[in-house]
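Trainee: I'd like to learn how to read helix packing and aromatic pairs in a model. Can you walk me through it?

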Amino acid sequence: MSQARLPPSPADPGAVARIALPAQDEDIATLRRAVVAKLTYSVGKDPIVASPRDWFVAVALTVRDRIVERWFPSTRAIYAAGRKRVYYLSLEFLIGRLLLDSLNNLGLTEPMRAALGELGVDLEQLRAIEPDAALGNGGLGRLAACFMESMATLGVAAYGYGIRYNHGLFQQVIKDGWQHEFPENWLNYGNPWEFERAEVLYAVGFGGTVEAITGADGSTRHVWHPAETVDALAYDTPVVGWRGRYVNTLRLWSARAPDPLKLDAFNRGDHVGALAQRARANAISQILYPSDETAAGQELRLRQEYFFTAASLQDLLRRHVRQHKDVRTLPEKAAIQLNDTHPSIAVAELMRLLMDVHDIPWVEAWRITQATLSYTNHTLLPEALESWPVPLLERLLPRHMQIIYLINWLHLDSIRAGGHSDAALLQAVSLIDENGGRRVRMGTLAFLGSHKINGVSALHTELMRETVFNDLNTFYPGRITNKTNGITFRRWLFEANPGLTSVLTDVVGPAVMDDAQALQQFAAHADDTALHERLTSVRRANKAALAALIAERVQVQVDPDALFDVQIKRIHEYKRQLLNILQTVALYSAMRAQPMSHWVPRVKIFAGKAAASYHRAKLIIKLIHDVARVVNSDPTLRGQLKVVFLPNYNVSLAEAIIPAADLSEQISTAGMEASGTGNMKLALNGALTIGTLDGANVEIRECVGEDNIVIFGMTAEEVAARRARGLAATDAIEASHTLREVLDEIGSGVFSPDEPDRYRELIDVLTYHDHFMVSADFDAYVAAQRQVAERWRNRAGWWRASIMNTAKVGFFSSDRAIREYAGEIWDVPVAADA
């Protein structure tokens, strides 16, 4: 399908409005007066006694005003033109700090810096005060944030829908090397970027009964009578695109009890019981990913997913009917994207709303549902392809379970009608998993209810077709498509690395600020030694800033001239932080055994959170800290090797680490990483990748060239073949003297003398159940790291490869990804001036 484009808005008043005056034309004096006015009349503080936080709020409100000036015309123009909207449903939106992001997109960073300077206020200090919005965990949420920014940049009319978590995932605190979880109190001082919409309130039901009412014509209508209702209250945050041309809306839902205080119970003296309903409702929007180890935790997760999905669908249907009158035209005016399986209950909920509320017959409701919904799959991991116990769904969402049963019956009946009666095949494609207790397969529900299902890298999409959705792909060919992930260069280059951005604009020209493909011109200068020196200076300044942050947060001194070897991502066995730390132990032993060798000084930098209930991942964090304690205190190394774990990884910490990275660790077990976006951010900033042929690493290699990336280890096919032979790794360990020594040192308590058997579980897994191929890939990884050291010694060669990485990753812009979604899945236009 060819992608429609909107004409530039000055020529078409019905398109999304474009502001005639560029934001950067606003003079410094006007900004200064506006900030002081906000401080005085909105914050209620005299500039003489205002704290840095007061100044931050005043500046944020000033910037928000300028976004609103663009937001309202954008919204009016969408309505006026009857534009088709995209509704992006995601349980996570990892938006990070918004002050500098908004200033950059409005072109106001330097004017605001100057205005604040005249008031004796430091913009960088205010930037550090802003808390990271605790609305996500990792790549899934960060992708959603990048996509929201790119949709605004490209003039795609869009709403993001999610949950306004009071405390997000958790604040990671490290005590004696162990991860501890505490609430992330990002809302303690309020959120100046959002608008509470007290009038936008929807009732979301749970439990109860379903009544079948037979009409005079013999038709049956179903009425759900929930036993409990929770109110969904909307909070809106405007999302401004590049150069402030277009603004979209991120609408997050907060859970409220309809009756927050049982006054009769309170007056009887039951002060706690009187608040029980409020506590139960509020739990829905308290934290992201509550532990599902208990039945109550599982129920809360399902309540969260249905809560935000139901509120979002009610909201968008209300908007559609109010503007377009007929719900039957929904597919022509709305595209709903399900970001992973979390909102997949939308299939059943949209069917319920269409049939039970809007009186649409089943066949037509199913056509509307499939034509409107599309689904992004982000993982092949079984635990992430959610399934819910049938009894839980029947109790919590009885009407939806009826609809799911009927979807499944019609789905299986159509397959049987096609001549396929094999019981095992029908069980494999059924919505109901009968193995080990009946469960509803939510990934299958999302697949059946969507017209397009996309993977997020070429390899991941192919593996989807071959593995988790193999049978469904056979019966519904053409639904699966690939849309490789992308990142917004505005945040991950222009904002995070202004030094490199300055070099790029000097060398390539200003076009690089608006066109990611213009980066390719940088490649022509890959052998320019003067450019190498300039890039060395920029990188060293970034590394010195990170070294200062490391010293401040974990009291470890590191050398900015060392190779900064970085692995920053969620802690999970398949991401193989364990492989990295095993190689670190091997390197440490080699350095001690051969002190006179010409070792490359290296700083191993880790960051990431383990799920609160993921014991083994938390044990890996402890191992990293135990190794760091021994290595960092060993005087024989003369500081040539340091190990650092930076706690509480978030967007702001990533913005500090990524511009300082020399080596990007993308070492997941081949076939298990859907895409990754950290690999793209690090390559964009000039880090060389050491990685497996997994996720988007495959496409990064194609873009940057085999000479500019270090690939090692088994392929996805080789991993599958080895698993089929068995998971014992005794042969690999026996064949590797280095690996045997590393495992012996860790297993004997060299790094845990207070508890020698602390890591026995890890050693046993690596020996007898090497599912993630850590032992199997160890020698290849060690050899690849030796290759990295050799490349580092060749400074001209290293910088040539670094330049080629930055120059060749324009493909991984989220703008490119959104253009593909818009043209090939959503059928919506982008602005001609975007």
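This is a predicted model: local features need pLDDT of at least 70, side-chain atom pairs count only at pLDDT 80 or more; totals for chains, interfaces and linings use all residues.

Trainee: How do I read two packed helices, say α6 and α33?

Mentor: In general, you describe two packed helices by the angle between their axes and the distance between those axes. Here, the axes of α6 (residues 139–153) and α33 (residues 814–826) come within 9 Å and cross at roughly 75 degrees. That makes α6 roughly perpendicular to α33.

Trainee: Which residues of α6 and α33 meet?

Mentor: From α6 you have Cys146, Phe147, Ser150, Met151 and Thr153; they meet Ser814, Asp815, Ala817, Ile818, Tyr821 and Trp826 of α33. By class, that contact has seven nonpolar, three polar and one charged residues.

Trainee: And aromatic pairs?

Mentor: You describe a pair of rings by the distance of the centres and the angle of the planes. The whole structure has 21 aromatic pairs. One of them is Phe147 with Tyr821, edge-to-face, at 5.4 Å centre to centre with 70 degrees between the planes. Phe147 sits in α6 and Tyr821 in α33, 674 residues apart.

Trainee: Are Phe147 and Tyr821 buried or exposed?

Mentor: Both Phe147 and Tyr821 are buried. Now try Tyr588 and Phe751: their ring centres are 6.4 Å apart and the planes are at 55 degrees, so that pair is tilted.

Trainee: Which residues have the most contacts inside the largest nonpolar core?

Mentor: Met151, Trp253, Phe307 and Trp826, in a core of 154 residues. Helix α9 (residues 295–324) gives the most to this core, with ten residues.

Conventions:
Residues are numbered from 1 along each chain as its sequence is written. Side-chain values use heavy atoms; hydrogens and water are left out. A nonpolar core is a set of buried Ala, Val, Leu, Ile, Met, Phe, Trp, Tyr and Cys residues joined through side-chain atoms within 4.5 Å. Buried means under 20% relative accessible area, exposed over 50%, partly exposed in between (1.4 Å probe, protein chains only). Helices (H or I, at least four residues) and strands (E, at least two) are DSSP runs, numbered from the N terminus. Axes are lines fitted to C-alpha atoms, for helices over the stretch in contact, and angles run from 0 to 180 degrees between N-to-C directions. Angles under 35 degrees count as roughly parallel, over 145 as roughly antiparallel, 65 to 115 as roughly perpendicular and the rest as oblique. Contact means heavy atoms within 4.5 Å. Ala, Val, Leu, Ile, Met, Phe, Trp, Tyr, Cys and Pro count as nonpolar, Asp, Glu, Lys and Arg as charged, and the others, Gly among them, as polar. Rings of Phe, Tyr and Trp (its six-membered ring) pair if their centres lie within 6.5 Å; planes under 30 degrees apart count as stacked, over 60 as edge-to-face and the rest as tilted.
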